[in-house]
Amino acid sequence: MKVAFYTLGCKVNQYETQALEQILTSRGHALVPFHAPADAYIINTCTVTAVSDKKSRQVIRRARKASPDAIIAVCGCMTEQPHVVEEIKRKYQNVDIIFGTHNLHRLPEFLYSALIDGRRVCELSHTEGEVAEGLPVKRASNWKAWVTIMYGCNNFCTYCIVPYVRGRERSRRRNDILQEIDALAAGGVREITLLGQNVNSYGKDLDEPERHESFAALLSAVCERTAGSSLRRIRFMTSHPKDLSEELIEVMAKYPSVCNQLHLPVQSGSTEILRRMNRRYTREQYISLVEKIRSRIPEITLSTDLITGFPGETEEDFRETLELVRMLRFDMAYTFIYSPRVGTPAAADPDQVAEELVKDRFGRLLELQNTISREKNEACTGKTFEVLCEGVSRTNPARLTGRTEGNKIVNFTADGVCAADAEGKFAKVYIDAAQTWSLEGRALEWEES
Ligand code: SAM
Ligand code: SF4
Ligand code: F3S
């Protein structure tokens, strides 16, 4: 069969699409782009906000319209909510397969049932206690890889649907993770990102003696084992501020292969809103954590997530967020408008903020953050950064693109260098201009092959 995938949402979903792709290609099926004719279209959905839901639905409709006879399969986080599954079954009569996030390995079986028996399949298992090891992943590149270290989330932030659709925290065993990373390093991978909704609570659900293996200890083991290999950059996400330990800051400072970059979602600058969000830290605790990290690792690049319009947010609360953003000067922020998710405590809060107020606050926050991001990027001009080349720039085929250790995007020229040879290689790039979301420059030299 020719199979096309469309993936919405976070890296967790992208990683799982790679696993699904591997399952199908290892059985002889071919992958084709989503816009090409295919026998089956598989849509891996996200439901973190109403906007994600809307996009997921649009893609389902688009696939059906483009190809009335193909099999349409829907999976991912949207399908883990019973009311959404009912809606998909009712409204999208022509969706052939609906399957959840816990039974990815059964996709071939579902496809055969739909194809051969013409049977509509809806399989949602909730055996979330297990971590399915040995599920091979079709890596999108041979120089960059994500490695899931844990699944699910226990935090139950009051606005968030993720713990309901992804289940409780399940850590992978340390040896399985290390073996996967050994194989990646041996295969020439240059950069890995350790993935989990809250990597800082890694190991807490494991049995003795692994229970005492902190995330910092795992990260340190990864660095020790891969020292001197082709693997030169190690990132991780996401870190919950309440669980970020001093031990982790020390490991980050000690090992040069751990990138000086941290995504540390704050969500709000108001202690009262943070309490209502069940984030379990105060504004002051967050600020002192950032100060501690910056004093130990001065060159660190920091990014965050921010939500505007959480139920009960007053103008005063919002100004505290603006003030925190002005004070901490994040390099980058993902800004969200609060979106009520069915079944979460915040959605039932009668104190929802009026839409016009939320839009106005969102605009002000975005403007402030954009100014800061631009200023931070402007401060990079005239300097030289090591950039891991990712290939040709999407916006200008005459330029290459890549990322700095701080995860900033750099679009650059490189005289006489062919993109295919440059991909996955490190270059020293001189920065001569800055945009809000990216840097521009020219390659001065490349690493030896
Ligand atoms: N586990 C990560 C953490 O706690 O930082 C984040 C995971 S979540 C997929 C990514 C971001 O989506 C959150 O940090 C939050 O800012 C945003 N988000 C989650 N639920 C939301 C909601 N109901 N409305 C608006 N934004 C939301
Ligand atoms: Fe959602 Fe909070 Fe878990 Fe992040 S930590 S996935 S925001 S519940
Ligand atoms: Fe979306 Fe699921 Fe990730 S809801 S953000 S794809 S964990």
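The model is a predicted one, in which local features need pLDDT of at least 70 and side-chain atom pairs count only at pLDDT 80 or more, while totals for chains, interfaces and linings use all residues. Residues are numbered from 1 along each chain as its sequence is written, chains are lettered from A and ligands numbered from 1 in the order in which they are written, and side-chain values use heavy atoms, with hydrogens and water left out.

## Ligand surroundings

The shell around ligand 1 holds 15 residues, the closest being Gln197, Pro265, Gln267, Asp305 and Ser339; a residue is near a molecule or strand if one of its heavy atoms lies within 4 Å of it. By class, this shell divides into seven nonpolar, five polar and three charged residues. Here Ala, Val, Leu, Ile, Met, Phe, Trp, Tyr, Cys and Pro count as nonpolar, Asp, Glu, Lys and Arg as charged, and the others, Gly among them, as polar.

| Residue and atom | Atom of ligand 1 | Distance |
|---|---|---|
| Tyr159, polar backbone atom | nitrogen | 3.0 Å |
| Gln197, backbone N or O atom | nitrogen | 2.8 Å |
| Arg279, polar side-chain atom | oxygen | 3.3 Å |

Of the 570 Å² of accessible area that ligand 1 has on its own, the protein covers 91%; accessible areas come from the Shrake-Rupley method with a 1.4 Å probe, and for residues only the protein chains shown count as cover.

Ligand 2 is surrounded by Cys153, Asn155, Phe156, Cys157, Tyr159, Cys160, Val162, Pro163, Gln197, His240 and Arg279, a shell with seven nonpolar, three polar and one charged residues. Around ligand 3 stand Gly9, Cys10, Asn13, Cys46, Thr47, Val48, Cys77, Arg166 and Gln197, which divide into four nonpolar, four polar and one charged.

## Sheets and the helices on them

Six strands form an open sheet in the order 2-1-3-4-5-6 with parallel pairing, two strands being paired if DSSP finds at least two bridges between them. Strand 2 (30–31) and strand 6 (121–123) stand at the edges with a single partner strand each, so one side of each is left without a neighbour in the sheet. Helix 1 (residues 11–25) packs on this sheet, touching strand 1 (2–7), strand 2, strand 3, strand 4 and strand 5 (97–99), and its direction makes about 175° with that of strand 1. Contact here means heavy atoms within 4.5 Å; axes are lines fitted to C-alpha atoms, for helices over the stretch in contact, and angles run from 0 to 180 degrees between N-to-C directions. Strand 3 (residues 40–45) and strand 4 (residues 71–76) pair in the parallel sense over six bridges, with Ile42 opposite Ala73 in strand 4. Helix 3 (residues 82–91) lies across strand 4, strand 5 and strand 6, and runs at about 175° to strand 5.

A further open sheet has three strands in the order 7-10-11, again with parallel pairing. Its edges are strand 7 (144–148) and strand 11, each with a single partner strand, so one side of each is left without a neighbour in the sheet. Neighbouring strands of this sheet are turned by 20° against each other on average, direction ignored. Strand 7 pairs with strand 10 (residues 191–195) in the parallel sense over five bridges, and Val147 stands opposite Leu194 in strand 10.

## Backbone details

Most residues other than glycine have a negative phi, and most peptide bonds are trans. Gln267, in the loop between strand 12 (261–263) and helix 9 (271–276), has a positive phi near 75°. A cis peptide bond, with omega about 5°, joins Met237 and Thr238, and Thr238 is placed in the loop between strand 11 (233–237) and helix 8 (246–254).

Conventions: A polar contact is a pair of N or O atoms within 3.5 Å; within protein, one must be able to donate a hydrogen and the other to accept it, and residues adjacent in sequence count only if both atoms are side-chain atoms. Helices (H or I, at least four residues) and strands (E, at least two) are DSSP runs, numbered from the N terminus.
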